Amino acid sequence: MRSIAIVFLALLGCSAPPIPEPEVKAPASDNLPRGFTAEEIERILDLSPLPDPPPDPTNRFYEDERAAHLGQFLFYETRLSGSGEVSCATCHLPNKDWGDGKKLGEAEGQMTRHTMTLWNVAYNRWFFWDGRADSLWAQALGPLEEPREHAGSRLRFAHLMHDDADLRRAYTQVFGALPDLDDASRFPPEGRPVPGDPEHPHAKAWEGMREEDRVAVNRVFANIGKSIAAFERKLVSRRSSFDDFVAGIREGDLYKQMELHEDARRGLKLFLGKARCFLCHSGPNFTDREFHDTRVPPLKGGKRLDPGRYDGVEKVIADPFNGTGAYSDDPGEAAEVKVDYLIRNGHNWSEFKTPSLRNSIVTAPYMHQGQFATLDEVLEYYSTLEGAVVNHHQAERTLVPVNLTEGEKRDLHAFLEALTDLSLDPALKRKPETPYLP
Ligand code: HEC
Ligand code: HEC
């Protein structure tokens, strides 16, 4: 079946290489759970265990403990904003499962998309709903300068790293010396590129700088992103009762298999079959790591025509911080293959990234505009596709109404619930006392 699934995904234009397979035992032939065909068992084994997040060669510091510690500090640091009041945790709240519970994100201004959870974020291949960043570190640079989010500028942040003794110590321990930012004639207090607005004071300050100074500031900016990414990599969820069930299949351990109750088992069968969920929510993180158009109607009063991946492709190719760029630690073949072969296609219009379903039980509301308040509303939508908006003639063909009964919806809900693991070192949920490790 796996080969069929691969052919199928290839037809959909999904070329993502799978997350590296963990070394796991083949299932013991006795003691398989009853009610599943051999083909279904094979599909189930593809869904667990979830290995460590894949490496990020474009970020040399992705596993560096000191970088992750600094990144955690910066994640909660409100000085990393224009007003001194916004941090990443303003919208990605540790006690709201790294989201904000709102339909649309907001800080300095109102966003047009829903805040994504950071659970298992490091398994992704593309970032943001439209995939306009190709690494976790490049993603972090977006909100820092976005006027509706942190509303800051890279020069302001470089000065902060330079002027604050603790941050300076933490930074130099990991990344080496900072440029000499004391010379105000070369390094104005604020400045950043402002696409489409050359008269903006930030843009004028930035354009007035020497090229080599801009490169030096960009490097500090990129390193801020790399340290935050090293922190985010720790937000992993992979020990759910479903994972116990699958471990039980591999080990022939019936007690472990009992972790998945009858209703959730029926839901799993639907997930793999009639309900067609696994066609997109595939692999051990329950996402194909690519983009689809689920035709979900826009929020009332929300942005009507969101191009989604159609714009994302263009933006990630143009991003100076993408994996092929000057600030990548491995601009070689792997990064090139990822970005250089991207082609913007008509079918990309209003496609959004397939989210993981691990922990989705706690990350309401759902979809790129938070259109659905509950999982039951999501299931109702997939069941009937009522209100679906056909945005263009190349509509997603995988998506058809799957006509679920009330009982089937309850079973699918029970299965999604069985994908929950909220255990996490509580020390990650707050700002450390210092940005450096002793
Ligand atoms: C104003 C609220 C807000 C702030 C502040 C904010 N974010 Fe977000 N975050 C969002 C929204 C909204 C999205 C989705 C945006 C989109 O797709 O266009 C998002 C997306 C993301 C994603 C993509 C996840 C994925 O699966 O692709 C990551 C990672 C992330 N944010 C991390 C951060 C970090 C790190 C910071 C601090 C530097 C931060 N965010 C600050 C609201 C916020
Ligand atoms: C054609 C591919 C496809 C199929 C089939 C599919 N999904 Fe999705 N799913 C997506 C995409 C893409 C999104 C994000 C859509 C958006 O934001 O507009 C999504 C979003 C979701 C979300 C919201 C997650 C979040 O964090 O916002 C849930 C829950 C979900 N799907 C569950 C399911 C279930 C259950 C099934 C089977 C009944 C299913 N999906 C079938 C692609 C698919």
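So, Lys-409: at 9% relative accessibility, this lysine counts as buried, because the cut-off for buried is under 20%. Bear in mind that we're looking at a predicted model. What does Lys-409 pair with? Its partner is Glu-380, in a salt bridge whose closest N and O atoms sit 2.4 Å apart. That pair ties together distant parts of the chain, with Glu-380 in helix α15, residues 375-384, and Lys-409 in helix α16, residues 406-417, 29 residues along. Glu-380 itself is partly exposed, at 33%.

Okay, other salt bridges. The count comes to 30. Lys-256 meets Glu-251 at 2.8 Å, N to O; Lys-256 is partly exposed at 29%, and Glu-251 is partly exposed too, at 39%. Then there's Lys-204 with Glu-199, at 3.2 Å. Here Lys-204 is partly exposed at 49%, while Glu-199 counts as exposed at 55%. And Glu-77, Arg-79, Asp-164 and Lys-431 are linked up in a network.

Now the iron. Which residue donates to the iron atom of ligand 1? The only protein donor is His-92, through NE2, at 2.1 Å. You'll find His-92 in the loop between α4, 88-91, and α5, 136-145. Lys-96 lies in the loop between α4 and α5 as well, and it's partly exposed at 43%. Lys-96 and Val-362 are 266 residues apart in sequence, yet their C-alphas are 8.1 Å apart in space.

Last thing, the surface. Asp-163, Asp-180, Asp-182 and Asp-183 form a negative patch. Of these, Asp-182 sits in the loop between α7, 165-175, and α8, 201-207, and it's exposed, at 58%.

Terms used:
Residues are numbered from 1 along each chain as its sequence is written. Chains are lettered from A and ligands numbered from 1 in the order in which they are written. This is a predicted model: local features need pLDDT of at least 70, side-chain atom pairs count only at pLDDT 80 or more; totals for chains, interfaces and linings use all residues. Side-chain values use heavy atoms; hydrogens and water are left out. Patches are made of residues with over 30% relative accessible area and no salt bridge: like charges are joined within 9 Å, nonpolar side chains (Val, Leu, Ile, Met, Phe, Trp, Tyr) within 5 Å. Accessible areas come from the Shrake-Rupley method with a 1.4 Å probe; for residues, only the protein chains shown count as cover. A salt bridge is a side-chain nitrogen of Lys or Arg within 4 Å of a carboxyl oxygen of Asp or Glu. Lys and Arg count as positive and Asp and Glu as negative; His and the chain ends are not counted. The place of a charge is taken as NZ of Lys, CZ of Arg, CG of Asp or CD of Glu. Helices (H or I, at least four residues) and strands (E, at least two) are DSSP runs, numbered from the N terminus. Buried means under 20% relative accessible area, exposed over 50%, partly exposed in between (1.4 Å probe, protein chains only). Donors are N, O and S atoms within 2.8 Å of the metal (3.2 Å for Na, K and Ca); water is not among the atoms, so sites may look incomplete.
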